[in-house]
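Please go through this structure in questions and answers. Keep it brisk.

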Amino acid sequence: MADTDGVETLNQQYETYPYPPRDPADEANRLVTGSPSQLAELNHYVFAGRRDFSKPFRALVAGGGTGDAAIMLAQQLADTGGPGNVVYLDLSSASRAIAEARAEARGLSNISFYSGSLLDISSIAPGPYDYIDCCGVLHHLSNPSAGLKSLCDVLSDDGGMGVMVYAPLGRNGVYHVQEMLRSFDLSDSNPVDQVAFARKLLENLPSTNWLKRNSLVGDHLNEGDAGLYDLLLHSQDRAYSVSELNTFIGEADMRITTFIAPFAYDPSHHVEDEELASKFETMSWIERCAFTELLTGSLKTHIAYLVKSKRGDKSVATVDDTDLAPILVGLEPKSAANALRDKGQLNAELEGLRYSFPITHDECAVLELFDGHRTQKDICAALSVLRTDFSEKSATQSFRKLFKVLNGLNLSFLRKP
Ligand SMILES: C[S@@+](CC[C@H](N)C(=O)[O-])C[C@H]1O[C@@H](n2cnc3c(N)ncnc32)[C@H](O)[C@@H]1O
C-alpha cells in the first residue's frame, strides 16, 4: 500500500511543479543523457559489460518525473534495434503527461506509462525487471526502506538498480533554509505562494549564510520555481552519507557496485603525502569512499549502481576480461585522441574539483581505436602490428592506464561488442 504520510503535500508539489522542468518540443534538438541508466554505463556496472540487448530487456523507471531516464533509456534501447522496453511509473499525472509528450515527440513506442506509487509496483506492473532506475525519489519517501524493498521485490535476481540520493555535505545550507522556511508554517499556502515567500527569504540572506556561501548548489537560482521548490520547500527530504547509504542498501540485502563518477570517491587524487596515502591501502573500498566524502565536502548527491547481495561479485566489467570493447561516451575517438595529443593531459572537473592526468602519445594511439567494436585484445594486437615500437605487452599497459583514467572520470565503459 502507498504511504499516506506526507503524500498529499508531495502530490500537490509535483502536480504544480513537475520535476525537472522539461519542454517536449526540445526533444527535436537533443537527448537528455546522464547518470545513472545510460545503457553502456549500466551494462558495465550491473552486467559486467556482457548484456546482450538484442534479447528481451525490461526496465522500470520508478518515480520517473518528467521522463529524463525513461526517455534516455527507451531511446538507447530503440537504437540497439532490440526488443528492450521501459515501464514508467510516477504519482504525478502532470509529470507523466510531460514524459508521454516527450516520448511521442521522439516516436518512441517502447515505454508503458503507469500512474501510482512505487510501493504498489508489484500490483501495478509486476516484475521481474532486469533493471530499475530510481533517482531522486527514495530520499523523499516517509519510509525509504519500504520503497527500496518494494523495488527489490520486482527486481530479477541477476538484475540491478541505478539510484540517486541526496548527500549531506555538498548540500550544506539547504537544510538550514528548509528549517527556516518550515518555521514560518507555510503549510496552508499553495506551492506558488510558498515559492514567492521563499524568494523573499533568499533575498534577505546575509553573506555568511551557508546556502549563500555554497557555490555548489544552484537549483534555486537556475531551475526556476520547480527547482526552488524541490530544493527548499520539499515536504520530505533527507540526505545519506556514504556510510548511511551503505547501511540502508545492505539492510535490503543489496550492495553497491560503484559510485559515479568513481574518481570522485577516491581519496588518492587529493592526498599527496605518502604516509597519509599509504593508510588508504588498509581501508576497504567503502571506507575510502566515506573518507573521500568527508575530505572533499563537495558531494551533493550519490549516484550508485546496486545488485542483490546474493549475486556475488561478478557484476562490474573489468580490463581482465580482454574480450570486452571500450566505448567512449559523448566523444569521437579520433578527435579526442588528437586533442589529447596536443595538450598532453586530460583535464576534468568532478563535483567542483579539478583533475588533471598526463596522457602519453602511446595512450592517444590506443584511444583512437576505442570505437566500441574493437575489443581490448583486438586493439593491443592491432597496435603491435601497426607499430614496430609497440609490443602487445606495452600496448596492454597503455590501454589499462588510459582506461583507468577515462573510466574513473565516467568517460568510458567496457562491453561485449
Ligand atoms: C525529484 S523528482 C525526480 C524525477 C526523476 N526520477 C528524475 O530524476 O528526473 C521525484 C519524482 O518522484 C515521484 N514520486 C514521489 N514519491 C513517489 C512514489 N511513492 N511512487 C512513485 N513516484 C513517486 C514524484 O511525483 C516526482 O515526480
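Q: Which side chain meets Arg102 in a salt bridge?
A: A salt bridge here is a side-chain nitrogen of Lys or Arg within 4 Å of a carboxyl oxygen of Asp or Glu. The N to O distance for this pair is 2.7 Å. Arg102 sits in helix α4 (residues 93–106), its partner in helix α3 (residues 68–80), 34 residues apart in the chain. Helices are DSSP runs of H or I with at least four residues, strands are E runs of at least two, and both are numbered from the N terminus. The partner is Asp68.

Q: What are the ground rules for the model and its numbering?
A: This is a predicted model: local features need pLDDT of at least 70, side-chain atom pairs count only at pLDDT 80 or more, and totals for chains, interfaces and linings use all residues. Residues are numbered from 1 along each chain as its sequence is written, and side-chain values use heavy atoms, with hydrogens and water left out.

Q: How many salt bridges does the rule count?
A: Between domain 1 and domain 3 the count is 0. By the rule, the count comes to 23 salt bridges.

Q: What radius of gyration does the protein chain have?
A: The radius is taken over C-alpha atoms, and the globule rule is 2.2 Å times the number of residues to the power 0.38. With 417 residues, a compact globule would come near 22 Å, and the chain agrees. Its C-alpha trace spans about 75 × 50 × 40 Å along the principal axes. The radius of gyration is 22 Å.

Q: Where in the chain does domain 3 lie?
A: Domain bounds come from an automatic or database domain assignment. Domain 1 takes 7–166 + 240–311, and domain 2 takes 170–233. Domain 3 takes 325–415.

Q: What area is buried between domain 1 and domain 3?
A: Buried area is the accessible area (1.4 Å probe) that two parts lose on being put together, summed over both. Carbon and sulfur atoms give 65% of it. Ala40, His44 and Phe263 supply 37% of the area that domain 1 buries here, more than any other three residues. The total is about 1400 Å².
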